[in-house]
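These are my notebook entries on one protein chain, written down in the order in which I looked things up.

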Amino acid sequence: MSAQNTARRITAPEITARKGGDPIVCLTAYDAPTASIVDDHCDLILVGDSLGMVVHGMPSTVGVTLDMMILHGQAVMRGSQKALVVVDLPFGSYEDSPITAFKNASRVMMETGCQAVKIESGSYAAETISYLVERGIPVMSHVGLRPQSMHVLGGFRARGRTDAIYQEIIENAQAAAEAGSFAVVVEGVSEDLANEVTKAVTIPTIGIGASAQCDGQILVTPDMLGMFERVPKFVKKFGDQRAQTEAAVKAYAKGVKARTFPGEANLYRFK
Ligand code: KIV
């Protein structure tokens, strides 16, 4: 038997080994063309369940299904060659037991070819993380603001304002690391708390809205590209995709109405 695909992807242990070293560059992607661009510049691509909102127009990530994650995971795998691809396990697919989590995580890995999954890690998660890791599934955890719990948390708000929650977030990250996670996403916390979590765990912290005190950073790609007028406060827009798309669509519509498009050069030649 010989391996056909020669490109070598970054592995989960290689991400872990970057703790305290060169910052880890991560972005989300949900389709093959975006993945092919992101792949050249990122160590890790997350097929985040944020796709529910930024691709499918849902109000939150709660309605995202396993089949949706698999479909987008397959597209991202086709579009990328180098980065570690992590697929989110959606709400309802892993919380009730390690066995359910393994059944769904192994399906995601087998049907997409991705190398790892991510789960939002409350205090219940440690047992599931070690169950998955022992059975060959690398796990990235997610603490702080956990969007799948928005109905319990009361919305998408920064976390860790009280001493109890501050401490709980550190403990969740430690439990996730001790259970074998290869990295942990830290979302929506203060600079001080991000620093404490980063010091408290032996695995890399990947921040989103969590300051520069983390070992790496991630953003939701359509947010940073400027696809939406309203984005979370911490997001810096590195592009102007919405305005550019609007201008292109407007120019196209104008051309069609004026019967100037397609021009001669674009016509098929039949002779
Ligand atoms: O779903 C997602 O895109 C995420 C990132 C915000 C980390 O979990």
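Is phenylalanine 228 buried, partly exposed or exposed? I find phenylalanine 228 partly exposed, because its relative accessible area is 25%, and I use buried for under 20% relative accessible area, exposed for over 50% and partly exposed for in between, with a 1.4 Å probe and protein chains only. I note that this is a predicted model, in which local features need pLDDT of at least 70 and side-chain atom pairs count only at pLDDT 80 or more, while totals for chains, interfaces and linings use all residues. Residues are numbered from 1 along each chain as its sequence is written, and side-chain values use heavy atoms, with hydrogens and water left out.

**Entry: phenylalanine 228.** I located phenylalanine 228 in the loop between helix H10 (221–224) and helix H11 (241–257); helices (H or I, at least four residues) and strands (E, at least two) are DSSP runs, numbered from the N terminus. Leaving aside neighbours within four places in sequence, I listed Val54, Pro222, Asp223 and Lys237 as in contact with phenylalanine 228, where contact means heavy atoms within 4.5 Å. Alanine 243 is 15 residues from phenylalanine 228 in sequence, and their C-alpha atoms are 9.5 Å apart in space.

**Entry: the whole chain.** I counted 11 helices and 8 strands in the protein chain. The radius of gyration is 20 Å, close to the 18 Å that the globule rule gives for 271 residues, so the chain is as compact as a globular protein of that length; the radius is taken over C-alpha atoms, and the rule is 2.2 Å times the number of residues to the power 0.38. The C-alpha trace spans about 70 × 55 × 35 Å along its principal axes. Buried residues make up 48% of the 271 residues, and of the contacts with a separation of 6 or more, 57% come from residues 24 or more positions apart.

**Entry: the cores.** I next looked up the nonpolar cores, a nonpolar core being a set of buried Ala, Val, Leu, Ile, Met, Phe, Trp, Tyr and Cys residues joined through side-chain atoms within 4.5 Å. The largest has 57 residues, and those with the most contacts inside it include Leu44, Val85 and Phe182. Helix H4 (residues 66–79) gives the most to this core, with 6 residues. A second, separate core of 16 residues includes Val143, Ala177, Leu193 and Ile203. Beyond four places in sequence, phenylalanine 182 has contacts that include Leu44, Val86, Met140 and Ile203.

**Entry: valine 85.** I found valine 85 in strand E3 (residues 84–88), and I recorded it as buried because its relative accessible area is 0%. Among its contacts beyond four places in sequence are Arg9, Ile45, Val76, Cys114 and Ala116. Serine 36 lies 49 residues from valine 85 along the chain, with 12 Å between their C-alpha atoms.

**Entry: two further residues.** Aspartate 163 has its place in helix H8 (residues 163–178), and I noted it as exposed because its relative accessibility is 69%. Its C-alpha atom is separated by 32 Å from that of methionine 224, 61 residues apart along the chain. Serine 211, in the loop between strand E7 (205–208) and strand E8 (216–219), has a positive phi of about 70° although it is not a glycine. I recorded serine 211 as partly exposed, because its relative accessibility is 27%.
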